[in-house]
Amino acid sequence: MDLPEEFKERMKKQLGDSYQDFLVSFEKERTYGMRYNPLKIAKDSLVSLFSDNQVKLEPVPWAKEGFYYPPDCQPGKWPLHEAGAYYIQEPSAMSAVQVLDPKPGERILDLCAAPGGKSTQIAGRLQGKGILVSNEIIPSRAKILSQNIERMGITNALICNETPKRLASRFPAFFDRILVDAPCSGEGMFRKDENACKEWSLTQVAVCADRQRQILSYAVEMLKPGGRLVYSTCTFASEEDEENAAWLIQAFPNIQLESQMRIWPHVQRGEGHYVAQFSKEGILQAAEKEKKQGSKRKEKRTAVTKEQQNMLQLFLQQVLEQQTAAALQKSIVSEGLQVFGDQIYLLSHVFGSLDGMKVERPGLQLGSCKKNRFEPSHALAMALRPPQVRQTIELCEPKRYLRGEAIPCDSIYHDGCLSQYMAVLLGGAKRSKGF
């Protein structure tokens, strides 16, 4: 690989005796990784599935959900990828969420979230309990983030398209844990992305370091006392890594550096990553008071009509198993519904009104009411598991379904049936004449 000369000179000073090993790593095959999605499939089931297809998965040591897979596997073309059973992600990028260590019930912010690798990993740890706010400042990337959140069946995420400054004004001292996987010079992407190498410059490194400090300062504002902040990059530049960590604890005396680590391509099986963990002085408190305030704010939101509520309730009773329908109805009562356009969403009451915010996806999209019936969204189908649905159809040819082709079926299947493959739901199904 033709690396920039200024990059090589800097890395030689930075690495010393291990520099030659670092250079040799760029001539080797890059690493390939995936994470199983605990919201959709069990770890052992995924390993068995790949084993049955003569593909051996090897565990990633720094991420309990992660696996290496061989380059010729191409799991992105498998139906279960579309079903959200796993997420393809560079192995070293999985390390940041392992350090963040999110717990069910917590409020988590992924401040620079697109395309969604770390957000979906966080959501798997939350297990549908708590709140995930995933933010992406670039609109086109926010849409990709939203698509991945939907594909992975995540029910408790608010996806924003905001600046860190505006988010900080909206969510002061709100989050238990914050991840800042900051935009960087991308030196750890050189083997994966040729353009990252071509576009690199020392000037770009300096620009990125300055922007990262701005983002970090807003993250500190949004972190609760006693909370955890994790900062990560996929670059080797100390200006963007250790020097920014040192700047942060100097600029904010209430922030302490707890740990920092690096993954090097010539030492570990990964393209390269830097991760630093910080804590904020104070004791982390539960949000009971804020929850009560949130309940009062709930009435400000756009409410669904009684007719819409009745159609939704009827749909839930007809399509979902009794226990699942009751649980979802309980969430609707406690959290509330909000209408965006003609779509109905389930969103945690703690957010109150979202007026004035740029929101890409305000919670779980349930569907819309049309022609005196409730029409479920694809997002709702992706958020369910086969035992939660009254009727599913097992697909022998899932690729035909994913292409939108008609699938012959028995007359016992009705419009509320959902399609599945290998015990993972792929989406809804609708009967047509002749099938």
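**Getting to know the cores**

Me: Leaving aside neighbours within four places in sequence, what is Leu-229 in contact with?
Reply: Contact means heavy atoms within 4.5 Å. This is a predicted model, where local features need pLDDT of at least 70, side-chain atom pairs need 80 or more, and totals for chains, interfaces and linings use all residues. Residues count from 1 along each chain as its sequence is written, and side-chain values use heavy atoms, without hydrogens or water. Leu-229's partners are Ile-178, Val-180, Leu-216, Ala-219, Val-220, Leu-223, Leu-248, Ala-276, Gln-277 and Phe-278.

Me: How many residues has the largest nonpolar core?
Reply: Such a core joins buried Ala, Val, Leu, Ile, Met, Phe, Trp, Tyr and Cys through side-chain atoms within 4.5 Å. Buried is under 20% relative accessible area, exposed over 50%, partly exposed in between (1.4 Å probe, protein chains only). Leu-229 is among those with the most contacts inside this core, and the core's residue count is 34.

Me: Which element gives the most to this core?
Reply: Elements are DSSP runs numbered from the N terminus: helices (H or I, at least four residues) and strands (E, at least two). Those giving two or more residues include β9 (223-233) and α10 (202-222). With five residues, the top giver is α10.

Me: What share of the 435 residues counts as buried?
Reply: In soluble globular proteins, nonpolar side chains tend to be buried together. Here a second, separate core of 23 residues includes Val-319 and Ile-344. Over the whole protein, the buried share is 52%.
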